[in-house]
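Hi everyone, thanks for coming. I'll walk you through one structure today, so please have a look at it while I talk.

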Amino acid sequence: MSIPILTFFNNKGGVGKTSLIYHLSWMFASLGKRVVVADLDPQANLTAAFLNEDQIDELWNNSVEGSTVFQCVKPLTGVGDITEPKLQQIVNNLYLIPGDVALSSYEDTLAGEWPKSMADTNLYRPMRILSSFWHVMQTAAIKVDAEIILVDIGPNLGAINRSVLLATDYVIIPLGADLFSLQGLKNLGPALKSWRNLWQKRLNNWKSSSEPSHYPNFKLPTGRMQPIGYLSQQHTVRLDRPVKAYDKWINRIPQVYRESVLDGVSEDQTFLPENDQYRLGTIKHYRSLMPMAQECRKPIFNLTAADGAIGSHANAVLDAKKDFKELAKIVGEKIDLQL
Ligand SMILES: Nc1ncnc2c1ncn2[C@@H]1O[C@H](COP(=O)(O)OP(=O)(O)OP(=O)(O)O)[C@@H](O)[C@H]1O
Ligand SMILES: [Mg+2]
């Protein structure tokens with residue numbers, strides 16, 4: 001049995017993915033779940049949210065084997081194999097596989113192995129490389145006895161993200177209320193479907209070859225990538241824009257989600273965003289609390305008066321705790337994670 005992997009993905013950037021994963025992982029951990037968070041975005045923003053500059057500097061410049069996700073897969077770019085990940089413990093129950101700007105150089109390796117994995121022979125190496133993120137994350141989760149793995153990736157449809165997605169069991173799509181987010185959703189749905197199919201072909205090719213008998217202990221991800229829903233982000237609402245403009249995009253999401261991500265929708269059906277079963281929630285705009293939390297390297301809901309969360313901020317902190325607890329509960333139910 002593998003540990004479930006939940007990836008947050010939208011190929012439209014800046015929709016609050018990283019902030020969301022940061023908060024949700026803290027919330028799962030504080031609710032008693034053991035969590036591994038993997039930063040697979042070469043921008044490494046999630047790593048910067050968890051660790052301070054000195055810690056990151058040490059990780060990136062000392063090149064210790066297994067200390068970042070890139071250090072784990074780097075030997076595969078030569079003749080070596082995956083290095084076991086060294087995790088950073090953030091708090092009780094919460095562990096990070098640190099990201100690395102150097103990971104971007106792995107994009108070409110992954111892209112090069114993709115066609116080779118459909119050849120008739122010599123399939124082990126390409127399949128090992130294409131599933132390397134899955135192996136690193138599973139090893140990490142087993143090491144710390146985690147029940148769930150949360151993954152952050154960059155906003156694109158490149159080879160790194162394809163490899164992350166084929167390792168993924170569940171996908172959540174954070175969306176802004178704007179044209180670009182909706183357009184992103186239209187590209188993303190077909191990409192998920194195509195990657196799911198193409199990975200299935202590779203699994204079949206592998207199984208029908210003679211190689212599994214040479215590598216009896218080699219496991220591969222199933223490529224499930226099940227979309228469990230979307231989250232709309234209130235923070236992308238431009239305050240100078242009338243609410244109507246925001247509503248226009250929000251109202252279109254349920255239909256586009258069904259058409260692009262699911263298997264379509266019959267024409268006579270209309271869905272209201274407020275009672276759409278695929279809408280997991282709305283992320284509020286936390287305004288100055290977000291930079292305050294980033295500065296303190298804490299989630300918003302753990303800010304205290306000593307951090308500057310006084311007066312109306314203190315109430316907003318309590319609200320944020322309620323909001324993220326509710327979101328953790330909703331997401332937990334969708335992925336069978338007992339909270
Ligand atoms: N709920 C929120 N309230 C206020 N500000 C937010 C909220 N969520 C995110 N932000 C801010 O919006 C900016 C973008 O957020 P974030 O980095 O989480 O997005 P992203 O989708 O991960 O971006 P990218 O596509 O570049 O990876 C950041 O400056 C962050 O602090
Ligand atoms: Mg990000």
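Let's start with Ser-63, which counts as partly exposed because it has 13 C-beta neighbours inside 10 Å. The rule here is that a residue is buried if 20 or more other C-beta atoms lie within 10 Å of its own, exposed if 12 or fewer, and partly exposed in between, with C-beta atoms placed from the backbone. You'll find Ser-63 in the loop between helix H3 (53-62) and helix H4 (69-73). Helices (H or I, at least four residues) and strands (E, at least two) are DSSP runs, numbered from the N terminus. Ser-63 isn't a glycine, and yet its phi is positive, about 45 degrees.

Before I go on, some housekeeping: this is a predicted model, where local features need pLDDT of at least 70, side-chain atom pairs count only at pLDDT 80 or more, and totals for chains, interfaces and linings use all residues. Residues are numbered from 1 along each chain as its sequence is written, while chains are lettered from A and ligands numbered from 1 in the order in which they are written.

Okay, which other residue has a positive phi without being a glycine? Asp-145, with a phi near 60 degrees. Asp-145 sits in the loop between H7 and strand E5 (148-152), and it counts as exposed because 10 other C-beta atoms lie within 10 Å.

Now let's zoom out. The protein has 12 helices and 8 strands. Its C-alpha trace spans about 65 × 55 × 35 Å along the principal axes. For 339 residues, a compact globule would have a radius of gyration near 20 Å, and the protein's value is 20 Å, so the two agree. That radius is taken over C-alpha atoms, and the globule rule is 2.2 Å times the number of residues to the power 0.38. Of the 339 residues, 44% count as buried.

What about contacts? Two residues are in contact if their C-beta atoms, placed from the backbone, lie within 7 Å. Take the contacts between residues at least 6 apart in sequence: 75% of them join residues at least 24 apart.

Next up, the domains. There's domain 1 (5-285) and domain 2 (298-334), with bounds that come from an automatic or database domain assignment. Their C-alpha centres lie 25 Å apart. Where they touch, domain 1 gives 12 residues and domain 2 gives 10 residues. On the domain 1 side, helix H1 (17-30), strand E7 (226-233) and strand E8 (279-283) each supply at least two residues, and H1 has the largest share with 6 residues. By class, that side has 8 nonpolar, 3 polar and 1 charged residues. For the classes, Ala, Val, Leu, Ile, Met, Phe, Trp, Tyr, Cys and Pro count as nonpolar, Asp, Glu, Lys and Arg as charged, and the others, Gly among them, as polar.

While we're at E8, have a look at Ile-283, which is in that strand. Ile-283 counts as buried because it has 23 C-beta neighbours inside 10 Å. Its C-alpha atom is 8.8 Å from that of Phe-324, 41 residues away along the chain. Now try Thr-222 and Ser-181: they are also 41 residues apart along the chain, but their C-alpha atoms are separated by 28 Å.

On to the inside. Which residues have the most contacts within the largest nonpolar core? They are Val-35, Val-36, Met-137 and Ile-149, in a core of 91 residues. Such a core is a set of buried Ala, Val, Leu, Ile, Met, Phe, Trp, Tyr and Cys residues joined through C-beta atoms within 7 Å.

Met-137 is in helix H7 (residues 132-143), and it's buried because it has 29 C-beta neighbours inside 10 Å. Leaving aside neighbours within four places in sequence, Met-137 is in contact with Ile-5, Val-36, Ala-38, Ile-97, Ile-149 and Ala-167.

Last stop, ligand 1. It is surrounded by 18 residues, and the closest are Gly-13, Gly-16, Lys-17, Thr-18 and Ser-19; a residue counts as near if its C-beta atom, placed from the backbone, lies within 6 Å. H1 gives the most to this shell, with 3 residues. By class, the shell has 5 nonpolar, 10 polar and 3 charged residues.
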